[in-house]
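Reader: I am new to reading protein models. Could you take me through this one in short steps?

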Amino acid sequence: MKSVKVGLVQTSCTANKQENLDKAILKVREIAAKGAQIVCLQELFTSLYFCDVEDYDNFNLAEAIPGPSTDALSAVAKELGVVIIASLFEKRAEGLYHNTTAVLDADGSYLGKYRKMHIPDDPGYYEKFYFTPGDLGYKVFKTKFATIGVLICWDQWYPEAARITSLMGAEILFYPTAIGWASSQEVDTNTEQYNAWQTIQRSHAVANGVHVVSVNRIGDEGPMKFWGGSFVANPFGTVLYQASHTDEELIVQELDLSKSDRYRTHWPFLRDRRIDSYAPITKRYIDED
């Protein structure tokens, strides 16, 4: 049995960047004490979700990666012997910014970063104003405890991203996330949207024979109510744990990675892929003529 204990940190945030970082470090300590070996923080955890408006002042929230936040978290990772997945607003150069996740190994070493590939632009999610699309491609990170893939929020709707990351050897797909409901929406619409969000990610687990871990924030921020609901799914898409929609939670879930081979041999989707027929997927749309 190859087991790993993953930790999900679902919290609310404030407008104070240092306060949020200090809170994240405290939660990492608490969840490590509960046995977590790989700890995933939510998307852009050092701030409120600022992409609900287009405001040039928000660029001041960005930092280099590696930089101050990764340095602080690296020290904690080394002290506690845990892997930390940290989603941050990256300043790459003057006028060039990314939505980026850094991965810190259990010895405190910086393993690298993944830059969000799919950037939304919807009411309340004006991310194209802030973020340049990722140019590092899809990434896997060989941590002390498992080989992991990291994708970010809007990436979670794209089966291509999950497939490629899985084909690169990821044993677990992690999705740091910031997504919620418009406060004005009806309950039925909210429920339907959450179910769609969870269903698409569970389908990635099934199609690729990997565990999926999705970590979201909670709390009311402007017109948005972040829906929490962080969850873990096994390679058959079974939800092993689902968090509250309203409460902060620290979730530790043990995963048996040795079962991935069983899932993949019983449902051999990777074996039966017709890679010779997939060239059209690179087109924006397949017109008849």
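Reader: Where does L44 lie?
Author: This is a predicted model, in which local features need pLDDT of at least 70, side-chain atom pairs count only at pLDDT 80 or more, and totals for chains, interfaces and linings use all residues. Residues are numbered from 1 along each chain as its sequence is written, and side-chain values use heavy atoms, with hydrogens and water left out. Helices (H or I, at least four residues) and strands (E, at least two) are DSSP runs, numbered from the N terminus. On that naming, L44 sits in the loop between β2 and α2.

Reader: What is the phi of L44?
Author: Most residues other than glycine have a negative phi. L44 is not a glycine, yet its phi is positive, at about 50 degrees.

Reader: Is L44 buried or exposed?
Author: Buried means under 20% relative accessible area, exposed over 50%, partly exposed in between (1.4 Å probe, protein chains only). L44 has 2% relative accessibility, so it counts as buried.

Reader: Which peptide bond is cis, with omega near 0 degrees?
Author: Most peptide bonds are trans. P66 has its place in the loop between β2 (38-41) and α2 (68-80). The cis bond runs from I65 to P66.

Reader: Is C153 buried or exposed?
Author: C153 is found in the loop between β9 (147-150) and α3 (159-167). C153 is not a glycine but has a positive phi of about 40 degrees. Its relative accessible area is 7%, so C153 is buried.

Reader: In what order do the six strands of the open sheet come?
Author: Two strands pair if DSSP finds at least two bridges between them. In this sheet the pairing is mixed, and the order is β8-β9-β10-β12-β15-β16.

Reader: Which are the edge strands?
Author: An edge strand here pairs on one side only. That gives β8 (140-142) and β16 (239-242).

Reader: Which residue in β15 is the bridge partner of V212?
Author: Strands β12 (residues 211-215) and β15 (residues 231-233) run antiparallel, joined by three bridges. V212 has as its partner in β15 the residue A233.

Reader: Which strands does helix α4 touch?
Author: Contact means heavy atoms within 4.5 Å. Axes are lines fitted to C-alpha atoms, for helices over the stretch in contact, and angles run from 0 to 180 degrees between N-to-C directions. Helix α4 (residues 187-208) makes about 35 degrees with the direction of β15. It packs on the sheet and touches β10, β12, β15 and β16.
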